[in-house]
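Please consider the sequence and the three-dimensional structure shown here. The explanation begins with the chain as a whole and then turns to particular helices and residues.

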Amino acid sequence: MPRGVAAELPNRGTYVVDAGDGGLSRRALMRNGALLAGAAMLPGTAALAQRSGGYTRYNVASADGKRMLAGYSRAIGRMLDLPPDHPHNWYRTAITHFLDCPHGNWWILPWHRAFTGYTEQVVRKYSDMEDFAFPFWDWTQSAEVPAEMYDGVLDPGNRAFIGSAGEFKDRYESVLDQSGYWIKDPKPDDGGFNTPFGQLLIRATRFPDDVWFDMFKNPNMIAFFPNTLYPRSKARGLQRDNRRLDTPTRRAVSLPTLLKALSPLDFITFASDRTKFHSNVSGFGLLEGQPHNKVHNNVGGLIYDDATCGTNNIGGFMQNNLSPVDPLFFLHHSNLDRLWDVWTRKQTAFGYPTLPDGAPAQPGGQPVKGSAYAQWASEPFLFFIGLDGKPVPNAVAGKYATIGDFNYRYEKGSGEQVVPPPSAMLRAAPKRVIRRVQSALPGEAAAREVAAGRGVAVTLPAALLPAARGPAAPMLFAKVTLSLPPGSHGESFNILVHAGDPSKARIVESVSLFGGHGGTHGPLTFTVALSSALAELGSVRAGRPIFFQATSACPAPAAHHADTVEIVSVTVEAH
């Protein structure tokens, strides 16, 4: 194909591809992300072709991205000035997120696509810019908060924002009381959960006072987010004179981590774990567990100290579920949505599924009845507010499986290299194969290994071991289910692997939670990329178990829970 020819990828808009850059074969794509780490990053280059009437989300570092910030600032100022009972009031937007946002499950991506998309439409209205679209913060390209986000109302510490928790409650208590959310539907369907009141009950938010308890008096919030919300000087943890992401967060947004996060071949491994309702927390995919969680927490003020292996908590909105008060939220989530689009186009190019199992074979078709997709697509999102100031009707997850009516597209950014240009596409994509190996030892033997301090054991077949790896070797992921103590939102935990000698263990990944609703409810699964750590061990043998352990990322006494982290189970997947 000639250089610069535009190619239509199904349902994703028109993109300009540079055939002269070559492409990734399936073998190259499936290899360890380190093989791609030296690939040239693409932010700000080869912008996609425009379609009439559409919007473009630009890199915030570009001239167009900075132009969008001017309109964004104008809109925020006007939305802050709206009365508290106005549906487009800036804080009302953040309260919607606090009441209904999903994290740690397979609905994080469609919910936040919709939330960001509807907010973008409202901001466009107040921005005086007909072409307004949120710019995205490509933290892989620039691992520091954009300097412009400390100017005027782009900084939540600006005096235009509310200055105390008491004032916040005084302004919005009557708004929640009169919202109608706690009025039960006289004829509820779906067990009574398909209403705002039903959705709130799933979160144990029985009445408005539960919201205020969760914001200001929840012991987990007080213990680990002492400065959350206020004072205003700490509304964002990373300040103008210290904008750089800390060491663990820079690793989480690095290109090797990003490429690993884009490698899964199925939606759930990519997008976080399946659960019953979008208010439940079940587990974190690599994209959510690494860049999403760690950027939120770090910008919000959980700052790792390299010298002491401790975390200082400065406080700030971004580390809890009122995070959209900070205007940086929408730049962060636009980048996550961009990466979902990148992964979708990668999957489409190689002929792999882009949605949960059971999705319609053709647009507009019917899903397989009772399938994973049918459950995922029908999940109701009942709290979005549209451009008309009214609740968005018929908002379900499947409506946001594609960008659709929001009609935006992205300037290219980091991670784009996983999408092969048409010149490199396979003539016949091979059948997708995902192999799973679970914790393998029987109960008594497993208990002895844990008691001996070696951890949870998994035995891998020879074909998956580092010695057998070649150009076509799969990418290995470990889904590690941890039982964490209450109040662990402010702490990071290391997942380690070894071949029988704990003193030679390698850290696979450091994981952490995001948010502040309640405590930790039940075991949580973290997906981590395993291939690199196994290759470093070098002593793994076929038929012999490898062992997984979990510890606090910092040794006692710095850690609150150094001895109370337990691995419940491990599943290794080969993609």
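The model is a predicted one. Its chain has 575 residues, of which 56% are buried. The secondary structure comprises 16 helices and 15 strands. Among contacts between residues at least 6 apart in sequence, 77% join residues at least 24 apart.

Which residues does leucine 109 touch, once its neighbours within four places in sequence are left aside? They are Phe270, Ala271 and Trp340. For alanine 271, the C-alpha atom is separated from that of leucine 109 by 7.0 Å, although the two residues are 162 residues apart along the chain.

Trp340, one of the contacts of leucine 109, also has a place in the packing of H4 against helix H13, which covers residues 328–350. The axes of H4 and H13 are 10 Å apart and pack at an angle of about 125°. The crossing of the two helices is left-handed. On the side of H4, the contact is made by Leu109, Pro110, His112, Arg113, Phe115, Thr116 and Thr119. H13 contributes Phe329, Phe330, His333, Ser334, Asp337, Trp340 and Asp341. By class, the residues of this contact are six nonpolar, five polar and three charged.

An α-helix has 3.6 residues a turn, so residues three or four places apart point the same way.

H13 also packs with helix H12, residues 286–299. The axes of H12 and H13 come within 11 Å and cross at roughly 170°. The two helices are therefore roughly antiparallel to each other. From H12, the residues Leu287, Pro291, His292, Val295, His296 and Val299 meet Leu328, Phe329, His332, His333, Leu336 and Leu339 of H13. This contact has eight nonpolar and four polar residues, and no charged residues. Phe329 and His333 of H13 are named in the contact with H12 and also in the contact with H4.

The end of H4 leads to a backbone feature. Aspartate 128 follows H4 and lies in the loop between H4 and helix H5, residues 165–177. Its phi is near 65°, a positive value in a residue other than glycine. Is aspartate 128 buried or exposed? Its relative accessibility is 54%, so aspartate 128 counts as exposed.

Although alanine 204 is not a glycine, its phi is about 65°. This residue is found in the loop between helix H6, residues 196–202, and helix H7, residues 208–217.

Terms used. Residues are numbered from 1 along each chain as its sequence is written. This is a predicted model: local features need pLDDT of at least 70, side-chain atom pairs count only at pLDDT 80 or more; totals for chains, interfaces and linings use all residues. Side-chain values use heavy atoms; hydrogens and water are left out. Contact means heavy atoms within 4.5 Å. Helices (H or I, at least four residues) and strands (E, at least two) are DSSP runs, numbered from the N terminus. Axes are lines fitted to C-alpha atoms, for helices over the stretch in contact, and angles run from 0 to 180 degrees between N-to-C directions. A crossing is left-handed if the near helix is turned anticlockwise from the far one by less than a right angle, and right-handed if clockwise. Ala, Val, Leu, Ile, Met, Phe, Trp, Tyr, Cys and Pro count as nonpolar, Asp, Glu, Lys and Arg as charged, and the others, Gly among them, as polar. Buried means under 20% relative accessible area, exposed over 50%, partly exposed in between (1.4 Å probe, protein chains only). Angles under 35 degrees count as roughly parallel, over 145 as roughly antiparallel, 65 to 115 as roughly perpendicular and the rest as oblique.
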